[in-house]
Amino acid sequence: MKIEKPKLQEHLLEPEPIYTLESKTEYRDRLIENVTLDLQEVSKVSFENVVFRHVTILESSMEHCEFTDVRFEHCDFSNVNLQNSFMHRTEWVNCKLVGTDFSGSRWQNVSVLQSVCDYGNFRFGHFKQVEYFECSLIGADFAYLKLQKIAYGACKLDQVTFTGTAMKGMDLSDCELDALVLTIEDLAGCVIAPHQAATFAGLMGLIIK
């Protein structure tokens with residue numbers, strides 16, 4: 001699957017310390033790094049041609065925010081409310097997204113790489129050209145997604161919920177998985193490896209001797 005990378009114009013990036021975010025504000029051509037922001041309550045913030053590096057956001061809500069041509073490097077957005085966000089040509093690299101709420105979000109050309117996304121909430125999202133690679137997704141919720149191409153590469157998918165998400169064509173063959181929450185109808189057309197067959201047989205109530 002081909003995913004468009006962020007079209008970052010790094011020569012335009014201006015290092016600028018930011019200690020608070022403001023609603024309905026546009027941030028362009030910024031390098032935001034080595035800061036901790038907490039108790040942010042904002043909405044409809046727009047980021048374009050921005051790199052977040054070593055940024056931590058705590059106890060915050062950022063609903064309806066837009067991210068275009070953005071890269072997050074070594075950031076911690078755990079438990080942040082990012083409901084109904086829009087992301088296009090965005091990368092999360094070596095980030096911590098434990099319990100982060102992305103529900104209802106629209107993602108297009110988004111990569112999540114070598115990141116911890118345990119208990120993340122992605123349900124009711126619209127995903128087109130999205131990949132997770134070498135991510136921990138324990139207990140994550142991918143229920144009721146509308147999908148146009150998603151890939152999981154070498155991810156840990158224990159106790160992940162896929163209920164109501166059509167998994168046809170989804171390749172989980174190189175993932176570590178156990179105790180998925182889904183229905184047989186959801187699973188139709190999913191690609192798995194032979195050694196995973198026992199796990200999926202258990203989902204169907206079969207007993208293998």
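Tutor: Let us begin with burial: a residue is called buried when its relative accessible area is under 20%, exposed when it is over 50%, and partly exposed in between, using a 1.4 Å probe and protein chains only. This is a predicted model, in which local features need pLDDT of at least 70 and side-chain atom pairs count only at pLDDT 80 or more, while totals for chains, interfaces and linings use all residues. Residues are numbered from 1 along each chain as its sequence is written, and side-chain values use heavy atoms, with hydrogens and water left out.

Student: Is C117 buried or exposed?

Tutor: C117 counts as buried because its relative accessibility is 0%.

Student: How many disulfides does a search of the whole structure find?

Tutor: A disulfide is a pair of cysteine sulfur atoms within 2.5 Å, and the search of the whole structure finds 0 of them. For C117, the nearest cysteine sulfur is that of C135, 4.7 Å away. C65, which is buried with a relative accessible area of 1%, has the sulfur of C75 as its nearest, 15 Å away.

Student: In which order do the strands of the open sheet stand?

Tutor: Strands of a sheet pair through backbone hydrogen bonds, either parallel or antiparallel. Strands are DSSP runs of E, at least two residues long, numbered from the N terminus, and two of them pair if DSSP finds at least two bridges between them. Here 8 strands form an open sheet in the order 1-2-4-6-7-8-9-10, with parallel pairing. Strand 1 (14–15) and strand 10 stand at the edges with a single partner strand each, so one side of each has no neighbour in the sheet.

Terms used: Helices (H or I, at least four residues) and strands (E, at least two) are DSSP runs, numbered from the N terminus.
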